[in-house]
Amino acid sequence: MIRTSRKTQISKLTEYVVNEFSDKNLTLLDEIAKFENVPIYYDNYEDAFDGILLYDTDNKDFHIHINIDNGNKHNSKRGRFTLAHELGHFFLDEHRLGLKYGLLEPHASFHNINHKSVIEIEADYFASCLLMPKDKFKNFSAEHRKLTGNKEFSLDTILGLSNSFQTSVLSTLIRFGEIGTHEIFAVISKNNVAKWFVKSNDFPNWPFKFKVGNTIPQTTVAGEYFTKENSKYTGIESVSVSVDDWFYTPSNDNRADRQMYEQCYYSDSYGYVISLIWFD
Ligand SMILES: [Zn+2]
């Protein structure tokens, strides 16, 4: 975790950069790198890293290497996050100066949601703010609902954001959990095991009926997908889902009486499922 004051500092820094280099909701990463004289190399590096920022002590300049073997194609959503993360290492003084003066070892950055060091969390946060600036992100959610005539929040809001900002569904979801316009809870699972979760601050703090690293509740949409044949359900489920499928709710908390919705996103390329949960 990083402190709120540090987050504010990182977010402010990205705002200056975004103001100079963006086209509507799209942050122009290549132009940022060009302006800073940081060349980017896309190449096959097998499974060595997703991205890496290196300091060349002879020429006294920085270079970014991006690994296309890990799915980081130029301008792909994943590639954009990786590049933005490496730009974070460049823009954050402690990271850049650390590399330059040998206080920090050059390190391979991986897209991986668990067990990250502070500098990795900071670079991820920089990438998230750079690609999904707060004001634009918040405006979009309201605009999108108007445009699509869809008054209610749903997975569609997240997918619309992901397309507009060219960010992966997962990173969009994490950003929405932080600054979004609707209370959400989401569980990311793979092979019927809960890998991670995202919770917005305004979502009730109920104890979960699952543990990260263990199987997910079988009565949930994702649970059925993993355990029953032909049960890949992509619609919004409201009739057969219940708060009790996911949470232990205190009997005196009437927030649990509201209509709960659940909708799944299936990532075919990475094999994970996101269960998005929200209320009216
Ligand atoms: Zn990194």
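In this predicted model, strands β4 and β5 form a hairpin in which four residues lie between the two strands, and within that turn lysine 60 has a positive phi of about 55°. The two strands, β4 covering residues 51-56 and β5 covering residues 61-67, run antiparallel and are joined by six bridges. Across this pairing, leucine 53 stands opposite isoleucine 64 of β5.

Taken as a whole, the chain contains 10 helices and nine strands. Its radius of gyration is 20 Å, which is close to the 19 Å given by the globule rule for 280 residues, so the chain is as compact as a globular protein of that length. The C-alpha trace spans about 65 × 35 × 35 Å along its principal axes, and buried residues account for 36% of the 280 residues. Of the contacts between residues at least 6 apart in sequence, 58% join residues that are at least 24 apart.

The chain is divided into domain 1, residues 4-131, and domain 2, residues 134-279, and the C-alpha centres of these two domains lie 28 Å apart. The contact between them takes 10 residues from domain 1 and 13 residues from domain 2. On the side of domain 1 that touches domain 2, the elements giving two or more residues are α3 (77-91) and α5 (118-131), and the largest share, four residues, comes from α3. Sorted by class, this side of domain 1 has four nonpolar, three polar and three charged residues.

How values were computed:
Residues are numbered from 1 along each chain as its sequence is written. This is a predicted model: local features need pLDDT of at least 70, side-chain atom pairs count only at pLDDT 80 or more; totals for chains, interfaces and linings use all residues. Two strands pair if DSSP finds at least two bridges between them. The radius of gyration is taken over C-alpha atoms; the globule rule is 2.2 Å times the number of residues to the power 0.38. A residue is buried if 20 or more other C-beta atoms lie within 10 Å of its own, exposed if 12 or fewer, and partly exposed in between; C-beta atoms are placed from the backbone. Two residues are in contact if their C-beta atoms, placed from the backbone, lie within 7 Å. Domain bounds come from an automatic or database domain assignment. Ala, Val, Leu, Ile, Met, Phe, Trp, Tyr, Cys and Pro count as nonpolar, Asp, Glu, Lys and Arg as charged, and the others, Gly among them, as polar.
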